Amino acid sequence: SETNDINIDDIFKELDKLIGLSNIKDDLRQLVDYLQYNKKLEKINIYPKNLNLHMVFSGNAGTGKTTVARLLADILYNMGYIEERKITEITPKDLIGEYTGQTAPKARKTIENALGGILFIDEAYALAANSNSSKGYGQEAIVELLKCMEDYQDRLVIIFAGYHDEMNDFVSLNPGLKSRIGKSFVFEDYNEDELIQILYMKLKKLNLTIDDEAVRTLKRTISFNMKATNFGNGRYVDNLVNNLLIKHSINIPDDDDTNLLNITLNDVNDLSE
């Protein structure tokens, strides 16, 4: 079918609800314009040569790569570019066998299970790290991926995801891969204000409020932690909220139901000790 039962405007409303990611939102809109143009060409029997929807998502942990991949599955399904509204999330270990001869069949089976939708390979650069080892099974998995990208050209979209520098190296070291990847999306780290907005959003979903002075202290904590290497971005905020809830539950007296849903400076001070 030409389009499926999800409205593209509704998908973009969901996308716009995500905090930050302005360059990703722009890139996705451009991609949709291009795909819609291709659909118009198909109506007059002009079919694009080498329409390549395999992608690289590069960025640090917790920057929204998986979330955007799920929305992309909705978009591609809506436009009839994938048969099913599904995304299969894996890591390289799902493609690599333990012994000689196991990798190719294991990789093909994993890839075939994802047919009809998107195959999202997180930390994909680890395939290259593995291929340099004496066993070299990662290289076998890459060869199988390349074969499947040819064999199932119209039945599968693969997203290779991971840290920015590592993904650049991974793709540039594999010419066969580079030629088969049509689009790259760069996921930037969140700034301090965006992380606070994410915090508010996550607390709101839990029906929790937070005092202004508690937020001011949390800003300092976040600002300090942002300087760490491998800072977790959105995942860091997830952990922060979990820790706040634990501290809050300890601080609330059994006979006090008035402040059950309000995070205070007391909870935050405990947290940053």
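Here are some questions and answers about a predicted model of one protein chain.

Q: What makes Phe57 count as buried?
A: Its relative accessible area is 0%. Buried means under 20%, so Phe57 qualifies.

Q: How do you know that Phe187 is buried rather than exposed?
A: Phe187 has 3% relative accessibility. The cut-off for buried is under 20%, while exposed calls for over 50%, so Phe187 belongs with the buried residues.

Q: Why is the pair of Phe57 and Phe187 called tilted?
A: Start with the distance: the ring centres are 5.0 Å apart, and rings pair if their centres lie within 6.5 Å. Then take the angle, which is 45 degrees between the planes. Stacked needs under 30 degrees and edge-to-face needs over 60, so this pair is tilted.

Q: What makes this a link between distant parts of the chain?
A: Phe57 sits in strand β1 (residues 55-59) and Phe187 in strand β5 (residues 183-187), and the two are 130 residues apart. Both also belong to one aromatic cluster, together with Phe120 and Phe185. A search of the whole structure gives six aromatic pairs.

Q: Why is the aromatic pair of Phe160 and Phe170 called tilted?
A: Centre to centre, the rings of Phe160 and Phe170 are 6.1 Å apart, with 55 degrees between the planes. Phe160 lies in strand β4 (residues 157-162) and Phe170 in helix α7 (residues 164-172).

Q: How do you know whether Phe160 and Phe170 are buried or exposed?
A: Relative accessibility is 0% for Phe160 and 1% for Phe170. Buried means under 20%, so Phe160 and Phe170 are both buried.

Q: What makes up the largest nonpolar core?
A: This core has 54 residues, and those with the most contacts inside it are Leu28, Phe57, Leu72 and Leu76. Helix α3 (residues 65-78) gives the largest share, eight residues. A second, separate core has 30 residues, including Val56, Ile96, Tyr137 and Val171. In soluble globular proteins, nonpolar side chains tend to be buried together.

Q: Which residues does Leu76 contact, leaving aside neighbours within four places in sequence?
A: Leu76 is in contact with Leu35, Leu53, Tyr81, Ile82, Ile118 and Val157. Contact here means heavy atoms within 4.5 Å.

Q: How many of the chain's residues count as buried?
A: Of the 273 residues, 46% do.

Key:
Residues are numbered from 1 along each chain as its sequence is written. This is a predicted model: local features need pLDDT of at least 70, side-chain atom pairs count only at pLDDT 80 or more; totals for chains, interfaces and linings use all residues. Side-chain values use heavy atoms; hydrogens and water are left out. Buried means under 20% relative accessible area, exposed over 50%, partly exposed in between (1.4 Å probe, protein chains only). A nonpolar core is a set of buried Ala, Val, Leu, Ile, Met, Phe, Trp, Tyr and Cys residues joined through side-chain atoms within 4.5 Å. Helices (H or I, at least four residues) and strands (E, at least two) are DSSP runs, numbered from the N terminus.
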